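Take a walk through this protein with the model open beside you. Keep the sequence at hand, and find each residue as it comes up.

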Amino acid sequence: IKECDWSSDVCSSDLRDRKSVKGPCARPVSLAVVHYGSDVRWWTRLVASAVGLTLLIPLTARGAITPPSIAVRADLASVHVSWRGATLPAGGRYLVTSSPKQYTCSTTSTSCTITVGATQPTLRFQVAVLSAKGVLVTKSNLSSPLTTVHLFVLAGQSNAAGWSSVVTRSSPKFDLWNGSTRSAVDSRATITWLGCGLQSSGATPVPLTAHQHYLPLPSVPTFGPEVGIARRLWSAGWRNLAFVKVTCGGTDLEHFWYQGSDQFSTLVSSTLAMEGWFTAHKTVPVLSGGFWVQGEADAQDLSAAVQYYDHGTALIQAVRAATISVRTFPIILGSIDISQWIQHWHTTNGSCISTECLDYERGNTEVRAADRRAAAEMPNVYVVDTAAIPRNTVDYIHLGPEGQLQLGKSLGDAFLRVAKK
């Protein structure tokens, strides 16, 4: 029997009723359409009148199974995909794929949890039903978009907070939000912050441009390295950025940041609260990285400095274990340096020959060496040297606004190098 050309007028295009095929088809053939829910399978009933033989021949493999009805739910660093309405053929399986095509899940159950890493800002998902031989039977529509937020933790002492980094300054002129360095991310990235002496932002994320200030100076807004980090990541194409900032000036690791301390508990609870807030708002929070800027207090106390490696590695392990989300997220250490402060000591007090001054030099060396060792020995820990960044000319320890932007850019550069691995 010769095949009919369905695009021409030699065969009927009205398929709702049985029609006789005319023209070049060799013998009378009648057509029937069988509907299965929203899917359609075509069958051709061939009537061989000469021999009285009837054959049923399927023309396509788009199956008689109802396409799945899909649902997606945000979770901590993951997406839970579930579906109903589609029964597997014998030996078949479901295949979940994301769009963009970055994640897949193959299963015989009707749900799948997919861990989400550094990914596109939005994801859609689709469920396909495959036969035992891997042939597509039917598939769902794409789910509605689900937004992914990259969550970063910033913690440490006063240089992590931005103690002497003002948003505006008259001389030399500096304007963080309106100057030449401004960026679209300033109003699009979000942050929560909590710190000793630093007014809390509250539990709801606010834009980076929100007013941060120390309680004794409520009219003087400040900022930390989060702005420089956000701008660097934004310029590299990262979107949907959020920061959790937990800081406390003048604090050392041994007495303030050990597991179970108030600072440690605040750091963990603030991170989990931020993750929970985004999850509740149907967004997938991915704990993408952490930035640690601390150590000046330890460097000025030799007994704390020689234990800095042990205390620091214990803190990293405890934070990773407690944050539930991505427990191997990269951590960038902003290695402190108090050599400019020690040099100022030389200038005001003469040569550094006293035991106290020599202890400061040794303590500085111990803390910086501990950072490098942690980066060399711990998985997914990296270090950025801050020695070349100029401190202010008041106390020679804290960073001014230009220094904070430079620190943030350096931390962002380090993260981007890690993210490419």
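Start with helix α7. It gives the most to the lining of the largest cavity, with 7 residues. Keep in mind that this is a predicted model. A probe the size of a water molecule, rolled over the atoms, shows where empty space is left. The count here comes to 3 cavities of 30 Å³ or more. The largest cavity has a volume of about 240 Å³. Its lining is made by 20 residues. Nearest its centre lie Trp292, Leu315, Ile316, Ile331 and Leu333. What kinds of residue line the largest cavity, by class? The lining has 16 nonpolar, 3 polar and 1 charged residues.

Now step back to the whole chain. It has 10 helices and 19 strands. Of its 421 residues, 46% are buried. Residues 24 or more positions apart account for 63% of them.

Next come the charged pairs. Side chains of opposite charge can pair when their charged atoms come close. A search of the whole structure finds 9 salt bridges. One of them joins the side chains of Glu402 and Arg169, at 2.4 Å from N to O. Glu402 lies in helix α10 (residues 401–419) and Arg169 in strand β12 (residues 168–169), so this pair ties together parts that are 233 residues apart in sequence. Glu402 is partly exposed, at 39% relative accessibility. Arg169 is partly exposed too, with a relative accessible area of 21%.

Turn to Arg231 and Asp186. They form a salt bridge, and their closest N and O atoms are 2.8 Å apart. This pair also links distant parts of the chain. Arg231 is in helix α2 (residues 226–235). Asp186 is in the loop between β13 (174–175) and β14 (190–195), and 45 residues separate the two.

The side chains of Arg362 and Glu366 meet at 3.8 Å, N to O. Both residues lie in helix α9, 4 residues apart, about one turn of the helix. An α-helix has 3.6 residues a turn, so residues three or four places apart point the same way. Arg362 is partly exposed, with a relative accessible area of 45%. Glu366 is partly exposed as well, at 27%. Elsewhere, salt bridges that share partners join Arg232, Lys409 and Asp413 into one network.

Move on to helix α8 (residues 339–349). Which of its residues are buried? They are Trp341, Ile342 and Trp345. These three cover an arc of only 100° around the axis, which puts them on the same side of α8. What covers them includes α9. Just after α8, Gly350 takes a positive phi of about 85°.

One is Asn240, at about 55°. It lies in the loop between α2 and β16 (241–247). Asn240 is partly exposed, at 28% relative accessibility. Another is Asn380, with a positive phi of about 60°. Look for Asn380 in the loop between α9 and β19 (381–385). At 25% relative accessibility, Asn380 counts as partly exposed.

The backbone also holds cis peptide bonds. A cis bond joins Ser99 and Pro100, with omega about 5°. Pro100 sits in the loop between β6 (93–99) and β7 (104–107). The bond from Ser171 to Pro172 is cis as well, with omega near -10°. Pro172 belongs to the loop between β12 and β13.

Finish at Ser265, in helix α4 (residues 262–280). Ser265 is partly exposed, at 37% relative accessibility.

Note on methods:
Residues are numbered from 1 along each chain as its sequence is written. This is a predicted model: local features need pLDDT of at least 70, side-chain atom pairs count only at pLDDT 80 or more; totals for chains, interfaces and linings use all residues. Side-chain values use heavy atoms; hydrogens and water are left out. On a 1 Å grid over the protein atoms alone, a cavity is a set of points where a 1.4 Å probe fits but cannot get out, and a pocket is an open set with protein on both sides within 12 Å along at least five of seven lines; lining residues have an atom within 4 Å of a point. Grid points are joined across faces, edges and corners, and a volume is the space filled by probe spheres set on the points. Ala, Val, Leu, Ile, Met, Phe, Trp, Tyr, Cys and Pro count as nonpolar, Asp, Glu, Lys and Arg as charged, and the others, Gly among them, as polar. A salt bridge is a side-chain nitrogen of Lys or Arg within 4 Å of a carboxyl oxygen of Asp or Glu. Buried means under 20% relative accessible area, exposed over 50%, partly exposed in between (1.4 Å probe, protein chains only). The arc is that of the directions from the helix axis to the C-beta atoms. Contact means heavy atoms within 4.5 Å.
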